[in-house]
Amino acid sequence: MKDRFKILTSPLFLLGLGLLLINDFYLKQLYGNWFTGKLSDISGLFIFPLFLTVLFPKHKIASFIGTAVLFIVWKMPISNTLIELLKGLYIPIGRTIDRSDLFTLIVLPIAYYYEGSNYYSLRIKPQLLMLISVFAFIATTLPPEGKRKFVNINKTYKFDFSRNKLIEKLNKVSIEKIRKKPDYIEAQFDSKGNFFYSKWNSDTLAVLLDSKKIEGKDTIHYKAVLADFFIDGNENTSSLTFLNAYKIVPVFSDKEYREKAIRAFEKKVIKKLKKKN
């Protein structure tokens, strides 16, 4: 009799689980296109019924049929009532209605055949993989996220030091941000534009300003990943006018994130600029 937990440590199950996690926590954040959506469906549909066969070893066929039925219902408007009910209970959940996703059901026969094949297993504790699998299944139902722009903020912050000093402080904040960025975000430096940008999606991460190359009468327009704003001032005082904010938020959420975006900018930038150093 085959060990029912063996499937969890098989190569293709581990590959599917890894793809699901990498896609939902990394690739979707960088790209968020049709390919990442289909990749989640394919990897999830492959490993979910295999996971169910561990829980219900005597109901293999029911596990695969049940997976197909749940997926079809989930991808159809009929599930809207359930989603709204869960949202009312403050349970974050979301999905995109796309009938073309139903074509990914073709992976189920492949998973069914694989479960009955002579696969080999790796020496990994299946209990750990069960916990990781549950986490992955829950995470993949969370609402997709995207960058949202909040315009016309028009808040001005004044400083009792020169514009050149403000530029110097802002450069320090930018360099500190680059140093503390997560390792998986690869930053490239554009020597002509004097700014750092993400290697993966070309987002501007930080801008370094050279006060010597800026005319005294110039008003500086600064745009980065958190916000864009104007810098103005003279030899004695300076100001920063906050124009627009950017924040990663759930795509389908109707919550108001404008104030959160403003507070995030004030905490990560303004508060540091006001520090005496």
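Reader: Does Val 73 count as buried, exposed or partly exposed?

Author: This is a predicted model, in which local features need pLDDT of at least 70 and side-chain atom pairs count only at pLDDT 80 or more, while totals for chains, interfaces and linings use all residues. Residues are numbered from 1 along each chain as its sequence is written, and side-chain values use heavy atoms, with hydrogens and water left out. Buried means under 20% relative accessible area, exposed over 50%, and partly exposed in between (1.4 Å probe, protein chains only). Because its relative accessibility is 37%, Val 73 counts as partly exposed.

Reader: Which helix gives the largest share of the nonpolar patch?

Author: The patch, of about 570 Å², is made by Ile 61, Ile 65, Val 69, Val 73, Ile 78 and Tyr 112. Patch residues have over 30% relative accessible area and no salt bridge; nonpolar side chains (Val, Leu, Ile, Met, Phe, Trp, Tyr) are joined within 5 Å, like charges within 9 Å. Four residues, the largest share, come from helix α3 (residues 60-74).

Reader: How many residues of the positive patch come from helix α8?

Author: Lys 177, Lys 267, Lys 268, Lys 271 and Lys 275 gather in this surface patch. Lys 268 has its place in helix α8 and, at 45% relative accessibility, counts as partly exposed. The share of helix α8 (residues 258-273) is the largest, at three residues.

Reader: Is Lys 75, the partner of Asp 41 in a salt bridge, buried or exposed?

Author: The closest N and O atoms of Asp 41 and Lys 75 are 3.6 Å apart. Asp 41 is in helix α2 and Lys 75 in the loop between α3 and α4, so this pair links parts 34 residues apart in sequence. Asp 41 has a relative accessible area of 10% and is buried. At 7% relative accessibility, Lys 75 likewise counts as buried.

Technical notes:
Accessible areas come from the Shrake-Rupley method with a 1.4 Å probe; for residues, only the protein chains shown count as cover. A salt bridge is a side-chain nitrogen of Lys or Arg within 4 Å of a carboxyl oxygen of Asp or Glu. Lys and Arg count as positive and Asp and Glu as negative; His and the chain ends are not counted. The place of a charge is taken as NZ of Lys, CZ of Arg, CG of Asp or CD of Glu. Helices (H or I, at least four residues) and strands (E, at least two) are DSSP runs, numbered from the N terminus.
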